[in-house]
Amino acid sequence: MTDKTLHKFDKKMFNHNLISWYHKNKRELPWRDTNNPYAIWVSEIMLQQTKVDTVISYYKKFMNRYPTIFHLAKAEQQEVLKEWEGLGYYSRARNLHDAAREVVATYHGEVPKNPKQLGTLKGIGPYTQGAISSIAFQQPEPAVDGNVMRVLSRVLLVKDNISEQRTRKKFEHIVRELICHSDPSAFNQGLMELGALICTPTSPACLLCPVQNECRAFAEGCEKKLPVKLKKKKQKTVSYLVLLIRDVDGKIAIEKRPDKGLLANMWQFPMIELKDKHSLEKIAEKKYGIPLILKEELGHVNHVFSHLIWDLHVYEAICATRPEISEQVRLSFIKEEELQDYPFSVSHIKVREFLQGKHG
DNA sequence: AATCCGGGGAG
DNA sequence: CTCCCAGGATT
C-alpha cells in the first residue's frame, strides 16, 4: 500500500534545516564523542524511558567500570544491578548484561552490524536496533521513538494514534523514505534532539524551530493537538509497612526479591503490604516467622517503619522448623556498612538513607 | 492488543 | 496530591 504522507513534502529542505540545526545546537553528551558501538548501545539502553540529565552520571560511572563489552560480560549480575541502582527499569540492566555475554560468546565481542542480528539481542527492540545501526554504523535505519513520532506527526500532520503499533511502523516507513543517506546518524539524532529541545510535548518552541517552514501542524496552528495518543492506563500505588529488623548484635535484615516481576533480583528491607491493618501481625508472622508488635503511627502510611530487635539464632531455629521459609525467601542479616554493597530500588534507598542518617 | 516494568518532573 | 511520559518483554 502506498502512503501519501510525503506527497509534496520538501524532503531536501527539511533534511538540510534539520541536520544543520543539529550540528549547531546539539548538546555535548558523553556518548556523542564516540562511534564505539558498545558505548552507543549502553547509552541507548539507559536512555529508554529516561531523561538525558538523569542518564549522564550513570553512563559515565558505568563506562568507567565497564570500559569494554568484555568487562561487562565478565561482571556478576548483582554488580551490574548495583551500577543501575536508582535508574529504574532494572530489566534493562539484566538484559544488557545477558546480551553482552551473548555478543562475547557468539560474535567474539563485536557488536553485530547487521540490524537483524542486533534485533535478536535481549533488550534491543525496533527503536534501539535502528539507533545503534544509524548512530554507530551510519546505516539508514529508522529509529522511531516517542520524540520522533511527536516531531513527525506535527511536521507531516499525521493524526494516527501513536499508541498503536502500526503507527510506529508507519513512521518507520516514512523515515526510510526521508532519511539522509549521507548522515543517517545526524538525521535520527537531529529528530530526537529537536523533540527534546524544541518540539516538546506540551509547549513546543515553534518560533525557534529550524523546520517551522516545513511544518504542516504549525501552518494550521494545531501543533499542540499532536501527536494523537488515545491510551490511558491508571497505575495504582500500593503501600507497604517496612520492617527494620535487627539482630541483637546490630545487623540489619534484608531480602532478595524473586528473579521475575517487579524489581527482579533487587534487594529490599522486609515489608508487608499495608492493606488489612488488623491482620498485619498475623501476615508478618506467617511470612517471616517473626512476631511483630506494631506501633501507633501506622495510620500515616508514607514513611512508617516498624523497628524491632530479634535474635538471629532464634530466627534460624524457627526457620529450621518452617519449610515454607525456604532458602530463597530467607532474610539475610548484614552489617549496616554493607548495605551499600547491595542493589536497592529508590524507595529502599530512601529507607537506607533514613537508617544511615540516624547515626551519620 | 493489552499489560507490566520505575522513577522523575510538570501542573 | 495527580497526571504524564514511553521502549521492550510478556501474556
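**Questions about helices and exposure in a predicted model**

Mentor: Let's start with Ser 20, whose side chain reaches the backbone oxygen of Asn 17 at 3.5 Å. Keep in mind that this model is predicted.

Trainee: What makes this reach of the Ser 20 side chain to Asn 17 a polar contact?

Mentor: A polar contact is a pair of N or O atoms within 3.5 Å, and the distance here is 3.5 Å. Ser 20 has its place in helix α1, residues 11–25.

Trainee: Why is Ser 20 called partly exposed?

Mentor: The relative accessible area of Ser 20 is 28%. Buried needs under 20% and exposed needs over 50%, so Ser 20 falls in between and is partly exposed. Ser 20 also lies 9.7 Å from Phe 187, C-alpha to C-alpha, although the two are 167 residues apart in sequence.

Trainee: And what about Lys 8: why does that residue count as exposed?

Mentor: Lys 8 has a relative accessible area of 78%. The cut-off for exposed is over 50%, so Lys 8 is exposed. Lys 8 sits in the segment before α1.

Trainee: How do you know whether Leu 263 is buried or partly exposed?

Mentor: Its relative accessibility is 22%, and buried means under 20%. Leu 263 therefore counts as partly exposed. You will find Leu 263 in the loop between β2 (252–256) and β3 (267–268).

Trainee: What makes phi worth a remark at Lys 8 and Leu 263?

Mentor: Most residues other than glycine have a negative phi. Phi is near 65° at Lys 8 and near 50° at Leu 263, and both values are positive.

Trainee: What caps the N-terminal end of α2?

Mentor: Asn 36 does, with a side-chain oxygen 2.9 Å from the backbone nitrogen of Tyr 38.

Trainee: Then why are α9 and α10 described as roughly perpendicular?

Mentor: The axes of α9 (residues 146–155) and α10 (residues 165–178) cross at roughly 70°. The range for roughly perpendicular is 65 to 115 degrees, so α9 and α10 belong there. Val 148, Met 149, Leu 152 and Ser 153 in α9 meet Arg 168, Phe 171, Val 175 and Leu 178 in α10. That contact comprises 6 nonpolar, 1 polar and 1 charged residues.

Trainee: What kind of peptide bond joins Leu 226 and Pro 227?

Mentor: A cis one, with omega at about 0°. Most peptide bonds are trans. Pro 227 is in the loop between α12 (216–220) and β1 (240–246).

Conventions. Residues are numbered from 1 along each chain as its sequence is written. Chains are lettered from A and ligands numbered from 1 in the order in which they are written. This is a predicted model: local features need pLDDT of at least 70, side-chain atom pairs count only at pLDDT 80 or more; totals for chains, interfaces and linings use all residues. Side-chain values use heavy atoms; hydrogens and water are left out. A polar contact is a pair of N or O atoms within 3.5 Å; within protein, one must be able to donate a hydrogen and the other to accept it, and residues adjacent in sequence count only if both atoms are side-chain atoms. Helices (H or I, at least four residues) and strands (E, at least two) are DSSP runs, numbered from the N terminus. Axes are lines fitted to C-alpha atoms, for helices over the stretch in contact, and angles run from 0 to 180 degrees between N-to-C directions. Angles under 35 degrees count as roughly parallel, over 145 as roughly antiparallel, 65 to 115 as roughly perpendicular and the rest as oblique. Contact means heavy atoms within 4.5 Å. Ala, Val, Leu, Ile, Met, Phe, Trp, Tyr, Cys and Pro count as nonpolar, Asp, Glu, Lys and Arg as charged, and the others, Gly among them, as polar. Buried means under 20% relative accessible area, exposed over 50%, partly exposed in between (1.4 Å probe, protein chains only).
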